[in-house]
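Me: I am new to reading protein structures. Could you walk me through this one, step by step?

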Amino acid sequence: MIFIEINMSFINTSWVSCNESGKIQSSCEESYENHMYRNFYDVTQMITGLVLYPSTCALGLIGNILCLIVFSLKTMRTSTNIYLQALAVADTIKLVTDFLYFVVVLLLRTDKKQGIKLHGCLYPYAHYLFNMSLCISAWLTVGVSVERFIFICQPFRVKRFCTVRRAIKVSTVTFILGTLISLPYMLRYRTKSEIVNGTVQVSGISVTALWSEKQFATIFTWAHALLRSAIPLVLLVGLNILIWKGLKRPSTIKKSARLKYKATLTLIYVVAVFCICVTPDAILSTVLGLGYYEENYLARGVREITDYLLQVNSAVNFVIYYFSCTAFRNSINSILMCSYFYNPVRQLSIMNEDS
């Protein structure tokens, strides 16, 4: 996530006497190019930050809360649903930070003083939560795929590895490790303040001394990007190719086989959306080695788009579950409509073949 830069002015002094020397001409062209990228960044941020972010956040938060409610039902308590419940928690953390981003962007355009203050206070922590939640979500998705691989390709290992207790342990460890691995991001930025008329006022953020060390910044950014995006992507693609090859379309007679088939397709859809939404961010962070706040306007404008794709990934799982899983849909209908026509007790859980 990239919070708006505080200094909104654009200096045009380099346009003066641009033809006096080659150096000045070069400076003129660079300033013009920077101005064009600044416009691109401002427009992109306005569209994503003020229009797309709040709408997607609202829908995603509602969807994730409903997911948590449904997966907490006793009839839905399976090992796979434990992973999906943990995934909904991580996605909710991501969406909350995105909503705070919308608030900051809105304030910077309506009450700049308060916007600057909120930006300086929130960004160091929001940046950490952003990266932490993405790392956790990625490995929980890998966990779901590993379990599905066992169901489809190693069914004789299901009773040993695909248990509710093991799923709780793996999810808990994933949260702990994701939190610890991402801790250096909390030290990446610091709130910058200055004394004005005898009072301390927040004036923005700055990169800390630790992250000013190029070697450390490069090594950690690469390592975290690999753990957060690249490695999970490779594992997910490989696992789901094997799952797809081992998946056989069941006959219409065997109900349990049809349930397993539909459940596996649901999770393949989740993984497919994850890969589509995360790949652009993975390319920027690893192949191109681009950061966030400290980059130029072109990179920051592109980051706005890739970060929105990450938000879509955090918000869309509810839609996938609802339209691809009858049991989940009936449970949601029962909760929303308070109707006995959709009784989740009569329905099998989304992954009931392991119960």
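Reply: Gladly! Let us begin with burial: 48% of the 355 residues in the chain are buried, where buried means under 20% relative accessible area, exposed over 50%, and partly exposed in between (1.4 Å probe, protein chains only). This is a predicted model, in which local features need pLDDT of at least 70 and side-chain atom pairs count only at pLDDT 80 or more, while totals for chains, interfaces and linings use all residues. Residues are numbered from 1 along each chain as its sequence is written, and side-chain values use heavy atoms, with hydrogens and water left out.

Me: Which residues have the most contacts inside the largest nonpolar core?

Reply: In soluble globular proteins, nonpolar side chains tend to be buried together. A nonpolar core is a set of buried Ala, Val, Leu, Ile, Met, Phe, Trp, Tyr and Cys residues joined through side-chain atoms within 4.5 Å. Here the largest has 33 residues, and those with the most contacts inside it are Cys-67, Phe-71, Leu-140, Phe-318, Tyr-321, Phe-328 and Ile-332. Its largest share, seven residues, comes from α2; helices (H or I, at least four residues) and strands (E, at least two) are DSSP runs, numbered from the N terminus.

Me: How many helices and strands does the chain have?

Reply: The chain has 11 helices and two strands.

Me: At what angle do α10 and α11 pack?

Reply: Two packed helices are described by the angle between their axes and the distance between the axes. Axes are lines fitted to C-alpha atoms, for helices over the stretch in contact (heavy atoms within 4.5 Å), and angles run from 0 to 180 degrees between N-to-C directions. For α10 and α11 the angle is about 105°, with the axes 5 Å apart. The two helices are therefore roughly perpendicular to each other (angles under 35 degrees count as roughly parallel, over 145 as roughly antiparallel, 65 to 115 as roughly perpendicular and the rest as oblique). Among the residues making the contact are Phe-318 and Tyr-321 of α10 and Phe-328 and Ile-332 of α11.
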